[in-house]
Amino acid sequence: MSLHLNAEQKNLRRLWSEYDTFVIPPYQRPYSWNVTECRQLYDDLIDAFNRPYDNDYFMGTIILAVADNQRDEFPRIVDGQQRMTTFWLMFKSLSVLLPEVTSLLDMLYSRNWDGQGEQIRIKSLVNDANDMEIMNDIYSWKLSHYEQRYEKLKEDSRNFDFVDIEDIIDEDDNNMKVATMYFYYRFREFKQNDITGLRSFAKFLMMSVLIIPIEMHAPGIRDAEDKALVIFETINNRGVELSDSDIFKARLYSKAISPNEKDEFVTLWDSVVDYCKRLRIDIDTLFTIYMNLKTASEGLSTYPPSIREFFDGRNGELSRHSYKSIMDRLIEIADILQKYKTLELGTSKIAGWAQLLSVCGRATTCNDSILVAWAMKKGFEEKTLEPFLQRMVRYLMLTGRTWSEMRSLEIMEDIMNHGDSKRLHVNGELVSYFFHSYRSLEFAKLALILEMGGGLLDHQIVNIVQRKKHTYMLQNGELVREKYFDESIGNIAFVPTEKARRTKGFEEYMQRMEQADPECAAIANKTGQKFLLSHVNERSKRKTSVLDEFFKRSK
């Protein structure tokens, strides 16, 4: 593919004036800069502004896709949208503080061809967030809007000692609003100290901040984007910080050839994004599970590749498969995870094992990868899934909090080739877990679920015997370290929250708890019953017996 590109250094005023609008394509990531990035940019700009000579500030390159034969298509920002959006937010903040500098308005919007309307200089089509809606909202802000928000921040900062407004700006739930308020705050201080200096700084931004736009030209916008993505990937391979899913998203989009295919890809990507939001995971996690499954199924567990190598390396998945087959597999994985996560809700037997597994295997994709492999091979029936979850819980509790990547790949390979894994068939002795006091919470939860025969409602954790101020406590005439009782599984109670108390079937749930664990139920019912240390010891023995039976029984 021949590449036709232009690259010429331009200041922001010239760059903005040459194009009515810059479009951020739908496959880009949402605006993500926070106070840290904004502060760094502002400080760098101020340093350049204050230099006595040569105060130009070079901002790097951006990559634009330009359609030569489609005059109704604005150039699309393939790389650089975070910086371009940030400068737009910066100009917006300046415009309300310097209303007399009307040239700032030219940096915010352009006129329609007939002069009858305004159009924001940046148009976001990003499908992962409502960036365009937020930009339109910020564009409508007057000085009073900024001042109202500023006064609220000022008031909030007074509620804490030694806290500056700048430290709490990023508590807003939207990054664009955080950025524009940060710049307003800094420019407001600048104006109070030196209004003439702020006017000079506005000129500096427009005339002395330099960018090299790399323009990739083609007759149509689709071809121009495809060519621009080639440059984008090349730059990324030279070290630009982008997430794996950002690269994969752009590469997959480039594999969609026709307009209908590109629209289909956007729809499929939207589905993946929606799944991830509901699951509260990032998209990189789905790609990792995809890689784990494929690596295990092809018997490559002896050499787990990096995710970038697996997808985008020589002969990687992105070169061997269509965008649709990859997206369909990601959606299949996400759908299985969604079904599994619903099992954690409620008080059924399988809910209890799902809840335990999420506690045992947190902060790893290994659990999810193994569960997805099982569902793909064996289906999603509870009668087969429940004993499988039990084996996973027993394995994790006896062998450690999480397993290694290599071991999880071996287990997945067993499941895909044989329908199960003998590696998960383990049993153990009481001593294997009894002295792991740092994991007492997990064992206490397992014991209660075994006793109740099902899952737990939303709960908070309390102690049967509350921690005393003394370092040592008297028991049977001997001084015993208080810490022993705090860590004992007999001292841990799981009390339903107020939210759980409003749950349908709560009375039946409490009856089950009363039969299984009367001390815990008494605490939950707020009877005011006071327990002695002997209750902790007896309760620990009872629960240890339940755990001992479970861990010695291998299914």
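The dialogue below takes up several features in turn.

Me: What does the secondary structure of the protein chain come to?

Reply: Please note that this is a predicted model. Its protein chain holds 27 helices and 13 strands. Of the 555 residues in the chain, 52% are buried. Among contacts between residues at least 6 apart in sequence, 75% join residues at least 24 apart.

Me: How should I read a strand, and which strands does strand 4 pair with?

Reply: The general idea is that side chains in a regular strand alternate between the two faces of the sheet. In this structure, strand 4 (residues 57–67) runs parallel to strand 9 (residues 209–218), and nine bridges join the two. Tyr57 has Val209 as its bridge partner in strand 9, and Ala67 has Ala218. Strand 4 also pairs with strand 5 (residues 76–79), here in the antiparallel sense and over three bridges. Leu64 stands opposite Ile77 of strand 5.

Me: Is strand 4 largely enclosed or largely open?

Reply: Buried residues are those with under 20% relative accessible area. Nine of the 11 residues of strand 4 are buried, so the strand is largely enclosed by the rest of the structure. Strand 9 is mostly covered, with nine of its 10 residues buried.

Me: Which other strand pairs with strand 9, and in what sense?

Reply: Strand 2 (residues 10–11) pairs with strand 9 in the antiparallel sense, over two bridges. Within this pairing, Asn11 stands opposite Leu210.

Me: How may I judge the span of a helix, for instance helix 9?

Reply: One compares the distance from the first C-alpha to the last with the span expected at 1.5 Å a residue. Helix 9 (residues 195–208) has 14 residues and reaches 19 Å, close to the expected 20 Å. Its buried residues are Gly197, Leu198, Phe201, Ala202, Phe204, Leu205, Met206 and Ser208.

Me: What is the general idea of a nonpolar core, and how many residues has the largest one here?

Reply: In soluble globular proteins, nonpolar side chains tend to be buried together. In this model the largest nonpolar core has 113 residues, and those with the most contacts inside it are Leu252, Phe265, Phe287, Phe311, Phe388 and Leu446. Helix 16 (residues 323–343) gives the most to this core, with 11 residues. A second, separate core of 69 residues includes Ile77, Phe87, Val96 and Phe201.

Me: Which residues does Phe311 touch?

Reply: Leaving aside residues up to four places away in sequence, Phe311 touches Phe248, Phe287, Tyr290, Met291, Gly316, Glu317 and Leu318.

Me: What is the volume of the largest pocket, and which residues are closest to its centre?

Reply: The volume of the largest pocket is about 920 Å³. It is lined by 32 residues, of which Lys341, Glu344, Leu345, Gln355 and Ser358 are the closest to the centre. Helix 12 (259–279), helix 16, helix 17 (349–360), helix 18 (366–378) and helix 24 (498–501) each supply at least two residues of this lining.

Me: How should I read the phi angle, and what is the phi of Arg280?

Reply: Most residues other than glycine have a negative phi. Arg280 has a positive phi of about 60° although it is not a glycine. Arg280 lies in the loop between helix 12 and helix 13 (283–297).

Me: Is Arg280 buried or exposed?

Reply: The cut-off for an exposed residue is over 50% relative accessible area. Arg280 has a relative accessible area of 77%, so it is exposed.

Technical notes: Residues numbered from 1 in each chain as written. Predicted model: local features only at pLDDT ≥ 70, side-chain atom pairs only at ≥ 80, totals over all residues. Heavy atoms only, no water. Buried < 20%, exposed > 50% of the residue type's maximum accessible area, 1.4 Å probe, protein only. Helix = DSSP H or I, 4+ residues; strand = E, 2+ residues; numbered from the N terminus. Pairing = 2+ DSSP bridges. Expected span 1.5 Å × (residues − 1). Core = buried A, V, L, I, M, F, W, Y, C linked by side-chain atoms within 4.5 Å. Contact = heavy atoms within 4.5 Å. 1 Å grid on protein atoms, 1.4 Å probe; cavity = no way out; pocket = protein on both sides within 12 Å on 5 of 7 lines; lining within 4 Å. Points joined across faces, edges and corners; volume = space filled by probe spheres on them.
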